[in-house]
Amino acid sequence: MRKIFGLLVLFVALFVLYFLQSTFTLGGKAFPPLGNFLNPYSGVWQNTEGHYLDLELKSEQVSEDIRIIFDERMVPHIFAQNLKDALFAQGYVEAYHRLFQMDMSTRFPDGKLSEVLGENLLAYDKKQRRLGLSYAADNAVKSWNKYPKLLENIDAYTAGVNHYIAGLKPAEYPMEYKLLDFEPQEWTNRHCALLLKAMSQSLASYEEDIEMSNALKFFGKEDFETIYPLYNPKDIPVISGPYAPLKTPTVNNVVLQELSVYLPSIVRPRSPDGIGSNNWAISGNKSQTGLPILANDPHLALTLPSTWYEIAITTPDFSAHGVTLLGMPGIMIGFNEHIAWGETNAGHDVMDYYNIHWTDENKTSYILDNVPIEATLKIEKYAVKYVGEIYDTVRYTTWGPIVDDNTNLALRWVVHDSANGPEFMTFISGMTCKTYDEYLTATGSFEAPAQNFVYADKHNEIGLRINGKLPLKAYGQGVKVTDGTMRGNGWQGFIPRDENPQERNPKRGYVSSANQWSTSEAYPHFYNGNFEAYRGRIVHQILSQNDTFSAEDMKAMQLSTYSLQAEEALAVMLPLLDSANLKKARILSAWNYDYDPLSKAAPLFDKWFSALENLIWDEVFAQNNVKLPAPDSWVTLQLMERNAEHKFYDIQATPKKETLSDLVNTSFLSVINEPLTSLGETKKAYIPHLLRLSAFSSDTFFVGGTKHALNAMKQSSGPSWRMIVALGDIPEAYGIYPGGQSGNPASAFYKNNIEKWANGHYHRIPLVIKPEDISKPIFNITFRHEK
């Protein structure tokens with residue numbers, strides 16, 4: 001009996017061992033074996049953190065000793081004797097804390113998620129390759145190689161990442177590698193390029209060419225211009241003028257194509273709604289300190305691990321502190337002893353679709369200037385996990401790739417272009433500057449995505465430049481699909497950098513941007529894009545006051561949940577309610593337009609305004625067979641403010657001819673009887689893991705905000721890094737982001753900042769010049785040159 005029981009136990013043990021080491025299928029999906037993940041010696045149990053030990057490491061890649069001290073918030077302070085050693089250390093510490101995030105962040109643009117996550121991600125990978133992001137990264141690396149001396153800085157960063165990877169044992173792999181059963185890959189400079197291209201996709205992938213072309217055909221020119229105007233007359237632009245004298249003539253010789261048939265919509269990854277940012281800088285005469293104060297808070301999709309990584313870098317030439325774009329060396333938003341800097345998204349449309357006329361059914365040749373041109377056929381290979389190799393053919397034209405073979409549309413995107421200068425040095429050189437002239441030179445080669453670069457220094461200078469590669473277009477070019485049969489219909493080059501909108505030390509005493517229009521209509525070069533209609537005006541309302549401001553005032557601005565959209569809309573909507581409905585709307589009549597988490601008026605207004613938009617624009621939203629773009633909310637408000645009567649107020653599906661009052665009352669009744677809940681309960685804000693693994697995501701938290709308020713918090717997007725710097729001999733700085741320094745879900749530093757961030761608190765950020773000034777270090781890493 002004991003033998004039988006022993007055999008039975010052995011059989012069960014062998015079965016469990018076989019199960020744990022085998023791939024298994026559930027619901028038609030393949031999953032990696034659990035054995036490696038649960039192995040007590042090398043599995044997830046080895047990822048717990050507690051006691052940190054000092055490390056002394058050697059590398060032939062460093063020329064002198066480097067000391068890295070992790071402070072009480074786990075922020076690394078790098079002390080190096082030269083820039084390249086400092087960047088080596090930056091690569092090492094970023095990999096130390098965020099290796100899996102860096103790996104996945106390059107797989108997204110490179111179309112290589114299915115290699116590690118399986119065939120469910122194959123369709124996404126194909127879309128990414130067809131957008132040409134891997135092609136763009138290849139072009140970037142080729143252009144970077146033209147600057148071998150400067151490229152040594154990227155080489156040093158890459159060497160630091162690889163030094164960390166090379167020292168890893170399987171037991172030390174980040175948790176997600178064990179869960180998904182794959183190993184870290186060697187880092188290359190191409191991975192750094194992919195990170196820049198991923199940022200461009202997030203911030204510079206706005207276009208509605210297909211939908212706009214359909215809308216022009218559907219509505220005709222007059223109605224099209226009513227529903228989709230190019231400029232908001234209420235806007236206060238980033239740069240109001242005057243503008244630099246033109247050296248480059250404006251473009252007016254492009255043939256703008258009108259459709260004979262409607263275009264089918266194609267699925268293409270787009271920037272999430274609500275992506276944007278705020279930044280501003282006030283001069284000393286508006287500051288209570290007598291010196292400038294700079295504020296920046298980029299609004300992005302929030303993830304765990306966090307988008308940003310906080311770091312401090314000191315060499316004999318500079319000391320800087322701020323946050324980095326993981327996988328790219330330098331400090332993107334931060335400050336040093338002399339200056340502070342930051343960015344917001346410019347929102348320009350730099351991707352246009354061109355209609356291709358093929359000469360054959362196989363689409364191997366197309367017409368350009370009446371001459372057949374062979375398309376370049378690029379074979380894309382996908383090594384899909386549990387499936388094997390799969391191939392796809394992407395056609396490249398003179399304009400760019402064919403994104404979807406069901407259409408004849410080629411994509412012209414500035415992201416594909418080779419860089420004209422050492423763009424990779426932007427955030428490396430920028431963090432070392434002492435004056436605005438130095439900073440303008442250091443950041444002058446930045447190309448994409450176009451950003452509003454804000455600046456302030458302790459010498460009482462402030463400035464802002466719309467920085468990036470902006471196409472020279474004819475008026476209206478790029479709003480709709482362009483005829484691709486003539487080279488002359490392409491962009492006519494790019495706006496010279498000194499003609500990019502910019503200002504320095506304006507008399508009003510401040511510069512600011514919040515994703516609004518870059519310029520007034522007086523700017524001579526045409527551009528279009530995706531612009532925010534309210535936040536920029538709120539910033540101007542506050543900063544144009546005669547008061548002086550403190551760092552605490554800057555915090556209050558960043559945390560403001562006031563909605564100008566709600567105030568302006570309700571000024572039109574409430575007076576149109578009949579007396580019975582007006583009594584029901586008392587909660588809105590008494591509302592202060594703040595999107596406070598406890599507010600029940602805020603979600604009620606959102607529902608009402610959305611219902612009203614659907615009624616006004618039923619001609620747009622009722623179309624099932626043709627994809628049309630949704631009108632901007634400011635257009636809806638402008639129509640209501642200007643027109644008591646309009647043909648768009650008439651609902652097509654009813655025999656009655658409705659008025660604006662009818663629509664306001666009907667839409668109100670459609671939402672007022674729903675249970676009222678607070679904004680915090682309605683929002684259910686949370687921060688997901690970058691792979692949407694719920695166990696590694698945050699719990700829901702109770703916050704306010706809206707995309708049209710300065711605190712532009714939506715459910716899972718919003719202020720990803722809040723920073724305020726009061727310049728002086730010793731800068732007074734504050735900052736926080738929602739997450740933590742570590743990418744390890746088992747670490748105490750994985751999401752330790754979320755509650756403090758959600759409650760509107762900041763960390764005081766001292767600029768540490770000497771190692772002994774770090775009062776509560778957690779541990780140290782020392783690098784020595786290996787002879």
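A residue is called buried when its relative accessible area is under 20%, exposed when over 50%, and partly exposed in between (1.4 Å probe, protein chains only). By that rule S678 is buried, because its relative accessible area is 5%. The structure is a predicted model, in which local features need pLDDT of at least 70 and side-chain atom pairs count only at pLDDT 80 or more, while totals for chains, interfaces and linings use all residues. Residues are numbered from 1 along each chain as its sequence is written, and side-chain values use heavy atoms, with hydrogens and water left out.

**Overall architecture**

- The protein has 24 helices and 27 strands; helices (H or I, at least four residues) and strands (E, at least two) are DSSP runs, numbered from the N terminus.
- The radius of gyration of the protein is 28 Å, which agrees with the value near 28 Å for a compact globule with 787 residues. That radius is taken over C-alpha atoms, and the globule rule is 2.2 Å times the number of residues to the power 0.38.
- The C-alpha trace spans about 85 × 70 × 65 Å along the principal axes of the protein.
- Of contacts between residues at least 6 apart in sequence, 73% join residues at least 24 apart; contact means heavy atoms within 4.5 Å.

**Surface and charge**

- Buried residues make up 59% of the 787 in the protein.
- The accessible surface is about 32100 Å², and carbon and sulfur atoms account for 53% of that area. Accessible areas come from the Shrake-Rupley method with a 1.4 Å probe, and for residues only the protein chains shown count as cover.
- There are 71 positive and 89 negative side chains, and the centres of the two sets lie 3 Å apart. Lys and Arg count as positive and Asp and Glu as negative, with His and the chain ends not counted; each charge is placed at NZ of Lys, CZ of Arg, CG of Asp or CD of Glu.

**Helix 16**

- Helix 16 covers residues 564–573 and is mostly covered, with eight of its 10 residues buried.
- The buried residues of helix 16 are L564, Q565, A566, E568, A569, L570, V572 and M573.
- Among the elements that cover these buried residues are helix 14 (535–543), helix 18 (586–589), helix 19 (601–616), helix 21 (633–642) and helix 22 (660–672).
- At the start of helix 16, the backbone nitrogen of Q565 has a side-chain oxygen of S563 within 3.4 Å.

**S678 and its surroundings**

- S678 is in the loop between helix 22 and helix 23 (679–683).
- The side chains of S678 and E681 make a polar contact of 3.0 Å. A polar contact is a pair of N or O atoms within 3.5 Å; within protein, one must be able to donate a hydrogen and the other to accept it, and residues adjacent in sequence count only if both atoms are side-chain atoms.
- Apart from neighbours within four places in sequence, S678 is in contact with P597, L598, S599, K600, P603 and F702.

- D437 lies in helix 13 (residues 436–442) and is partly exposed, with a relative accessible area of 46%.
- The side chain of D437 is joined to that of R504 by a polar contact of 2.9 Å.
- D437 and S287 are 150 residues apart in sequence, and their C-alpha atoms are 23 Å apart in space.
- K656 sits in the loop between helix 21 and helix 22 and is partly exposed, at 48% relative accessible area.
- Neighbours within four places in sequence aside, K656 is in contact with D650, I651 and D662.
- K656 and G704 are 48 residues apart along the chain, with 40 Å between their C-alpha atoms.

**Backbone geometry**

- Most residues other than glycine have a negative phi, and most peptide bonds are trans.
- The peptide bond from G241 to P242 is cis, with omega near 0°; P242 is in the loop between helix 11 (221–227) and strand 6 (276–282).
- A448 and P449 are also joined by a cis peptide bond, with omega about 0°, and P449 is in the loop between helix 13 and strand 18 (451–457).
- Y386, which is not a glycine, has a positive phi of about 70°. Y386 is in the loop between strand 15 (376–384) and strand 16 (388–396) and counts as partly exposed at 38% relative accessibility.
- R692, not a glycine either, has a positive phi of about 60°. R692 is in the loop between helix 23 and strand 23 (717–719) and counts as exposed at 55% relative accessibility.
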